[in-house]
Amino acid sequence: MSHAFDNIFPIGLGTGRLLFTSPETYVTDFENAVELVLHALDQGVNYIDVGKGYSSDHAFSVLKDAFRKTNRPFHVTVKVNAYDKTRTAEDYYRESLSILDSLGLERASHFLLWTLMDSQQFHQAIEKDRLYDAALRLKQEGLIKHIGTSVHMKHEDIIEVIDSGLFEFVLISYNLINLLDMRRVLDRAFEKGVDILVMNPLYGGLIAENEDAFAYAKLQEDETMVQAAVRALLAHPAVKCVLAGASTKEQLDAYLSSVTEPTYYAQNKAERLQKVTENTTNGTAFCSYCRYCVNCPKKIPVPQIMNARNIFRLNGRNANQSLEKTFFRYLNEKFNLEFESSENPCIQCGQCERKCTQGLDIIRSVDEIYQMVGRSCYDKASRKKRFQELIYEKGYRKVGFWPASAGTIKILEIYKELLGEPTFEIFLFDSNADYHGKEKFGYTVFSKKDAIRLDIDCILITSFLHSGAIYERIQDLTAQGIDIKTLYRKDDVDWWW
Ligand code: SF4
Ligand code: SF4
């Protein structure tokens, strides 16, 4: 019996993450994206996943241009979603033709009923004169070859879809986090001869970014985390292809090395599957960063918050780190996200939860995160208030900052951003005698004894780790009329990293 994914390379290209950064860089971004597609095809990739709206709606035109420039064989999916209950098979058929036209193709190999969220949607899609009928017509007319579906459903619903016998392949979110949960689905798919195509293999980057927590998946010491994670998925015989949602050639090559490097994968598949199974714990409460929950009416960055919140789900594996700090750092470094205030603007409309592919408790989680933002003094309003309590408009003419570090300079920048140019003169102090009298960051660095000579009004200790020790060292200056204050309080996270 032939399968939908016979002769398909085990890594496919997902085109939802092509880099389009701004209208100004469109031409270069477009050329780079086309090159990425051509590079994938040159490396043997022959399955490409694309959908309306992918990569700021540019993915279709990128592929159209790439397909014109290559003689390599490729398979591509026409994906149509069944959300709109008023549409008929004719509407879906026309939409499919329009997608083929956008891709510059007369026919495509695969057709996908896109994103069935539950059993009810599945039944709607396969009703007479609905989406599935459109797929059948396309197949009868030779415009597509294989019909499949992508699902974000409970496992028993996925099994119902598999058991229906209507689909040759099913696209699922599968990775080291839900590996155990999905075993039943995969076993049933294998038994029924339904090919499994995998999306989200690295859980939105979480797995590669938390190597310590997932290193158990490595069978060989020299495997990269991406290789081990992808090989673990391909170890199940139902899985035929893993989609690499790459933005750059380097990212794509990291995926490709999972199947092209010699230690892979024909050998050791069973051993690998057993090893990851023994070590995996189910993590259904993880956000996969699918971003279906975007467009919050109150502009809350829900996918980013929920994705960073995964850090707390890794608790126990990353036990010796400050998880709150790791959370904020992740938000900052990965998403460049800052909070104006710790007041949660959520109106509990429920839109995000209805769309969440992982069934996450978003409203409660968002509220917890905003509480944590306030508690940790991470938002701009809390920091402004902190400065107001400490040094702003206190009548100080000369304020010293201790230590003379890059962190202190960053904190001064934050002060200026929040409260404007200071009305006091700034002095830098440090414990290190090597710095005294020298210039650092454009300021002369002074010692404790200089504070009295300079007639300093207040010294603000800005060290996160050593503020207690510094305070001990200089607190006797209070007897000389100098206020000694610390920026950070219990429960704060660093204001910079
Ligand atoms: S429930 Fe809250 S977070 Fe979710 S979309 Fe509505 S306002 Fe935004
Ligand atoms: S829909 Fe759910 S899983 Fe997807 S990004 Fe939003 S919170 Fe995460």
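Helices (H or I, at least four residues) and strands (E, at least two) are DSSP runs, numbered from the N terminus. The structure is a predicted model, in which local features need pLDDT of at least 70, side-chain atom pairs count only at pLDDT 80 or more, and totals for chains, interfaces and linings use all residues. Residues are numbered from 1 along each chain as its sequence is written, while chains are lettered from A and ligands numbered from 1 in the order in which they are written.

Confidence is expressed as pLDDT, the predictor's confidence in each residue, from 0 to 100. The protein chain has a mean pLDDT of 91, and 95% of its residues reach 70 or more. Over residues 316-321, however, the pLDDT is below 50, and this stretch has five contacts in the model beyond near neighbours in sequence; two residues are in contact if their C-beta atoms, placed from the backbone, lie within 7 Å.

An automatic or database domain assignment supplies the domain bounds. The protein chain is divided into domain 1 (11-279), domain 2 (302-376) and domain 3 (381-486). The centres of domain 2 and domain 3, taken over C-alpha atoms, are separated by 32 Å.

Eight strands form a closed barrel in the order S1-S2-S3-S4-S5-S6-S7-S8, with parallel pairing; two strands pair if DSSP finds at least two bridges between them. Strand S4 (residues 110-116) runs parallel to strand S5 (residues 146-151), and five bridges join them. Within this pair, Leu112 stands opposite Gly148 in S5. Helix H6 (residues 131-140) lies across strand S3 (75-81), S4 and S5, at about 170 degrees to S4. Helix H8 (residues 179-192) lies across strand S6 (169-173), strand S7 (195-199) and strand S8 (239-245), at about 165 degrees to S6. Axes are lines fitted to C-alpha atoms, for helices over the stretch in contact, and angles run from 0 to 180 degrees between N-to-C directions.

The surroundings of two ligands were also examined, a residue being near a molecule if its C-beta atom, placed from the backbone, lies within 6 Å of it. Around ligand 1 there are 15 residues, of which Cys296, Cys346, Cys349, Gln351 and Cys352 come nearest. Helix H16 (351-355) and helix H17 (362-375) are the elements that give two or more residues to this shell, and H17 gives the most, with three. Ligand 2 is surrounded by 16 residues, the closest being Cys287, Cys290, Cys293, Met306 and Cys356. Helix H14 (residues 302-313) gives the most to the shell around ligand 2, with three residues.
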